[in-house]
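I have the model open and my notebook beside it. Here is what I looked up, entry by entry.

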Amino acid sequence: MSSDWFRIENEPEIPSPALLVYPDRVFRNLQKMVEIAGGTDRLRPHVKTHKLPEIIGMHLSLGIERFKCATIAEAEMVAGSGGTDVLLAHQPVGPNAVRLRFLADRYPKVRLGTVVDTLDMVSTLSSVFADSETRLAVYVDLDCGMGRTGIQPGPEVMDICRSILDSDGLEFGGLHAYDGHNHESDLAARTARCEQDFEPVLKLRSELEQSGIPVPELVASGTPTFPVHAQHEDRICSPGTTVLWDFGYGDGLPDMEFEYAAVLMTRVISKPGNDKVCLDLGHKAVAADKPQPRVRIFGHENAEAVVHSEEHLTMHMPEAGQLAVGDSCYGVPVHICPTVALHDIAWVVKDGKAVQAWEVAARRRSLGV
């Protein structure tokens, strides 16, 4: 494979900074996800990474029909793109409960679900969905160690499950347990921590089933623990970053051999010194949620960020003399998910050329609902 596979022939036609997506690589990543999971029925991929209807279509072409999302807009994007089962892994507070009902009415053939971690939320959803033609699948969100959302496995969970079963307009979808805190680089260490974190979850599921409450689905895993949970047939895996990949996980998870399928194209807009360049890759174009380096420039991997502001990224680059103002550079971000959300469009690269633009539809907070 060419070392400059990312480069496009028609650079002068594409304004920068630009998000480039490579469908052939996306498709290979999806195939690898299915291979690791052992089948499409074991997958519920998270769409927050790409937010693109066209990539939903690529999932469907492989037989992946269930998805996970973080916003109402993402849920609507999936439903409108042909997904048949959509789980909103974000408790729908405020008007989002009603928006979810609007979405259910608009797409009655799509199975919609959401997560809860309080009895009050169950009551709210039941009041909204009581007269709905379709039931809302409600999953109990469990805190298995991340400490962000969810309820710790315990007696209260059984009360929430019974409340869901007794509520009009709702059905019990199962349990949702996201272990996004487990970033152990070594697979053996990651596995050991994952198994330890999930002991209370599995114990809870057993207690629910023994009490007469079947658990239809246990949705587990982010990207790092995907290969761990994939070894257990009683769990559904929901990786997200695997679709496009980034160097944060590429460096941190050496056992996961996915391909970079999204790249940023940037240009030199100034040279403030013999060993410095300024790129038009500010934190409005590459996510600033992580420490530097936030982007790795191909061919200049040793470049170091000096100043990163809204529209500028100044880098100390020993090879700066090789570049002139106006030259293009390509790089991969440390965190692809929030980076995609900064771009209105993704340029599609086929046969070394940017041939069309896909709208990053679900970057918005609201589509039609």
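Entry one, a hairpin. I began at the hairpin of strand 15 and strand 16, where two residues sit between the strands and Asp351 takes a positive phi near 50°. Strand 15 covers residues 345-350, strand 16 covers residues 353-359, and they pair in the antiparallel sense over six bridges. I looked up the partner of Lys350 and found Lys353 in strand 16. For my own reference, two strands pair if DSSP finds at least two bridges between them. Helices (H or I, at least four residues) and strands (E, at least two) are DSSP runs, numbered from the N terminus.

A note on the source: this is a predicted model, in which local features need pLDDT of at least 70 and side-chain atom pairs count only at pLDDT 80 or more, while totals for chains, interfaces and linings use all residues. Residues are numbered from 1 along each chain as its sequence is written, and side-chain values use heavy atoms, with hydrogens and water left out.

I traced seven strands in the order 2-3-4-5-6-7-8, with parallel pairing. Strand 2 (66-69) and strand 8 (236-237) are the edge strands, each pairing on one side only. Then I checked strand 6 (residues 170-177) against strand 7 (residues 218-220): three bridges join them, and they run parallel. Ala177 stands opposite Ala220 of strand 7.

I found helix 6 (residues 155-166) lying across strand 4 (111-116), strand 5 (136-142) and strand 6, at about 175° to strand 5. (Axes are lines fitted to C-alpha atoms, for helices over the stretch in contact, and angles run from 0 to 180 degrees between N-to-C directions.) Which residues of helix 6 are buried? I noted Val157, Ile160, Cys161 and Ile164. They lie on the same side of helix 6 because they cover an arc of only 100° around the axis, the arc being that of the directions from the helix axis to the C-beta atoms. On the other side, Pro155, Glu156 and Asp166 are exposed. Buried means under 20% relative accessible area, exposed over 50%, and partly exposed in between (1.4 Å probe, protein chains only). The cover over the buried residues of helix 6 includes strand 4, helix 5 (119-129), strand 5, strand 6 and helix 7 (187-210).

I placed Glu209 in helix 7. Glu209 is partly exposed, at a relative accessible area of 43%. Glu209 touches Pro214 and Val215, leaving aside residues up to four places away in sequence; contact means heavy atoms within 4.5 Å.
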